[in-house]
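Thanks for coming, everyone. Please take a moment with the sequence and the model before I talk you through a few places in it.

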Amino acid sequence: MTAQHPLRGDVAVLVPAAGLGTRLGPGAPKALRELGGAALLVHAVRRLAQAPSVGCVVVAAPPGRVDEVRALLDREVPPGVTVDVVEGGATRRESVAAAFGAAPLSYEIILVHDAARAFVPPDLVERVAAAVREGRAAVVPVLAVVDTIKRIDESGHVVATPERSELRAAQTPQGFRREILEAAYRAAGDDATDDAGLAEQIGVRVFCIPGADRALKITRAADLAVAEALLRDDVANLG
Ligand code: C5P
C-alpha cells in the first residue's frame, strides 16, 4: 500500500438521522434537537463537509421532516459539496438504504455516519476515507472499551465475560468501497447495529483504525452535557 495524495471530493457520506432518540427523553427526533443554537444534525454535517474528501452528503431525515431538514442544511455546506435529503425508514438499516439509493453512482467510496455522532472530527473522516482509498474494503474506527463487558442470558445471568483486551467499541463514520456496501445491503442477513456488521455477515474482512473520543454517540441525557462541553471547546479553539 502506498501513501497517496488524497483526492478531493471523491467520497459520499450517508447520514442516517431518522431515529426518534427515545433514550434521550421526550422531545424532537434526536438529530433535530438543538445544542448551542443548532440541531445535532447540523453540527454533524458541518464537520463532515469540512473534510476535504467529502463531495456529497445524503441525509435520511425523520419521516415527514424532509423539507424542514433540507432548509436547515441549505446554508451549512461549502461550495463544491452537495447535500441531498431523503425520507428515512422505520429502522436504521432502512434509513441507510434510502440514503444509499440517492447517492450518485459516480462515488466509489461511501461512508456511513450516524447523525448522533455530531462532533465527529473532520480528521477522522479523512482517515477512514484514506484507508478505503488505499484498498481496504471496509473500515471501522474503534476505541478500547473501559468497562468489563458481560454476555448475559434472558434470565439476567452472566454466561460469559469476554477478554476485555480483545474488545473494541465501534464508531462511525464507517467506510466502504461502493460494491461492498451494495452487496452487504443486498444480502438478506440478520439485522446489525452497524454497517460493518452487515459487511461481516457476507464475509468481508473489516479493517479497524483508531477512533476519536469526540465522535461519541449522543444517546442519553448525560451525553448532552458532554457534548455541550465539546462544543464550548470547539468554539474556544476557533476563537
Ligand atoms: O438507535 P441508534 O442510536 O443506533 O441510531 C443510530 C443512528 O441511526 C442515529 O443517527 C439515528 O438517527 C439513525 N436512525 C435512522 N433511522 C431509524 C433509526 C435510527 O436513521 N429508523
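This is a predicted model: local features need pLDDT of at least 70, side-chain atom pairs count only at pLDDT 80 or more; totals for chains, interfaces and linings use all residues.

Pro 173 lies in the loop between S10 and strand S11 (174-177), where helices (H or I, at least four residues) and strands (E, at least two) are DSSP runs numbered from the N terminus. The peptide bond that leads from Thr 172 to Pro 173 is cis, with omega near 10 degrees, and as background, most peptide bonds are trans.

Residues are numbered from 1 along each chain as its sequence is written, and side-chain values use heavy atoms, with hydrogens and water left out.

Now to the ligand, which 15 residues surround, the closest being Pro 16, Ala 18, Gly 19, Gly 89 and Ser 95; here a residue is near if one of its heavy atoms lies within 4 Å. That shell divides into six nonpolar, four polar and five charged residues, with Ala, Val, Leu, Ile, Met, Phe, Trp, Tyr, Cys and Pro counted as nonpolar, Asp, Glu, Lys and Arg as charged, and the others, Gly among them, as polar.

Which atoms lie 2.9 Å, 3.2 Å and 3.1 Å from an oxygen atom of the ligand? They are a polar backbone atom of Gly 19 at 2.9 Å, a backbone N or O atom of Ala 115 at 3.2 Å, and a polar side-chain atom of Lys 217 at 3.1 Å, a polar contact being a pair of N or O atoms within 3.5 Å. The protein covers 84% of the 460 Å² of accessible area that the ligand has on its own, by the Shrake-Rupley method with a 1.4 Å probe.

Note on methods: A polar contact is a pair of N or O atoms within 3.5 Å; within protein, one must be able to donate a hydrogen and the other to accept it, and residues adjacent in sequence count only if both atoms are side-chain atoms.
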